[in-house]
There are 2 protein chains.
Amino acid sequence: MKIGAVDQVEAVPVEMDGASGVTMRVVIGEPQGAPNFVMRVFDVAPGGHSPHHSHGFEHEVFVLSGRGTFVEQGREETLAAGDVVFVPPDVVHQFRAAADEGLRFICVVPRA
Amino acid sequence: MKIGAVDQVEAVPVEMDGASGVTMRVVIGEPQGAPNFVMRVFDVAPGGHSPHHSHGFEHEVFVLSGRGTFVEQGREETLAAGDVVFVPPDVVHQFRAAADEGLRFICVVPRA
């Protein structure tokens, strides 16, 4: 089933501690009957960032547009459109947008 | 871990019966330690298509660029950049590129 265009899906602000300027669209998940994993699209405003945190599940990430930085256990790497990131479970990580440009990425997580 | 840019990953022709002009890049999978699901990026050449088939696992798809058609149990829908598609298990489906333009999309599947 075609869900539609990503921008037609409601963007919800991410209110977690440590998040700044982040919105999330759940584009494929429980309402669509996804049995195993959930696809979300995140927008990080210029200068914004996700929490610097860890959790017991993985992220599979594809950068759609913009520029930013990926932080993993103290290391920093630049991000641009077309970059792919795998965050294993229990690894401390953060996504940051550039000061002058936002960052949009897909992040797939297990459903459970 | 940043895997790198999608175009740095080797593109492998899809040799399945019914596939035409399709290449696949496995950008996150077993070699990266992905425990639950695998992220692939497909390129379909102008006029090309994936097999018209079904299987017992789902697809979670995000169209990155180009134009094409999604066929599901006889229904056809147009595809363009930013479109999201969920293919449930056991549903007959096909991805076709436009005659004059290729189609690139992410397709996530369970690892098992």
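In the predicted model, B:Val91 is partly exposed, because 14 other C-beta atoms lie within 10 Å of its own, a count between the 12 or fewer of an exposed residue and the 20 or more of a buried one. B:Val91 belongs to the loop between β7 and β8 (93–97) of chain B. Apart from neighbours within four places in sequence, the residues in contact with B:Val91 are B:Ser54, B:Glu72 and B:Gln73. The C-alpha atom of B:Val91 is 34 Å from that of B:Lys2, and 89 residues separate the two along the chain.

Between the C-alpha atoms of B:Thr78 and B:Pro89, which are eleven residues apart along the chain, the separation is 21 Å.

The fold is described here for chain A. Its secondary structure consists of nine strands and zero helices, giving the pattern β-β-β-β-β-β-β-β-β along the sequence. The radius of gyration of chain A is 13 Å, close to the 13 Å from the globule rule for 112 residues, so chain A is as compact as a globular protein of that length. The C-alpha trace of chain A extends over about 40 × 30 × 25 Å along its principal axes. Among the 112 residues of chain A, 33% count as buried. Of the contacts in chain A with a separation of 6 or more, 64% are between residues 24 or more positions apart.

Strand β4(A) takes part in two of the pairings examined. With β3(A), β4(A) forms an antiparallel pair over seven bridges, in which A:Met24 is opposite A:Phe42 of β4(A). With β9(A), β4(A) is joined by eight bridges, and these strands also run antiparallel. Within this second pairing, A:Val44 has A:Leu103 of β9(A) as its bridge partner.

The interface between the chains comprises 31 residues of chain A in contact with 31 residues of chain B. On the chain A side, two or more residues each come from β1 (2–5), β3 (20–28), β4 (37–49), β5 (59–72), β7 (83–87) and β9 (103–110). By class, this side of chain A has 19 nonpolar, seven charged and five polar residues. Strand pairing also crosses between the chains: β1(A) is connected by three bridges to strand β7 (residues 83–87) of chain B, in an antiparallel arrangement. A:Gly4 has B:Val84 in β7(B) as its bridge partner.

Chain A is superposed on chain B by a rotation of 180 degrees with 0.0 Å of shift along the axis, at an RMSD of 0.0 Å. The two copies are therefore related as by a two-fold rotation axis. Of the interface residues of chain A, 100% are also interface residues in chain B, so the copies meet through the same surface.

In soluble globular proteins, nonpolar side chains tend to be buried together. In this model, the largest nonpolar core contains 52 residues, and those with the most contacts inside it are A:Phe62, A:Phe105, A:Ile106, B:Phe62, B:Phe105 and B:Ile106. Beyond its neighbours within four places in sequence, A:Ile106 is in contact with A:Met39, A:Val41, A:Val61, A:Phe62 and A:Leu64, as well as with B:Phe62 and B:Ile106.

Note on methods. Residues are numbered from 1 along each chain as its sequence is written. Chains are lettered from A and ligands numbered from 1 in the order in which they are written. This is a predicted model: local features need pLDDT of at least 70, side-chain atom pairs count only at pLDDT 80 or more; totals for chains, interfaces and linings use all residues. Two residues are in contact if their C-beta atoms, placed from the backbone, lie within 7 Å. Helices (H or I, at least four residues) and strands (E, at least two) are DSSP runs, numbered from the N terminus. Ala, Val, Leu, Ile, Met, Phe, Trp, Tyr, Cys and Pro count as nonpolar, Asp, Glu, Lys and Arg as charged, and the others, Gly among them, as polar. Two strands pair if DSSP finds at least two bridges between them. Copies are superposed by least squares on the C-alpha atoms of residues with pLDDT of at least 70 in both. The radius of gyration is taken over C-alpha atoms; the globule rule is 2.2 Å times the number of residues to the power 0.38. A nonpolar core is a set of buried Ala, Val, Leu, Ile, Met, Phe, Trp, Tyr and Cys residues joined through C-beta atoms within 7 Å.
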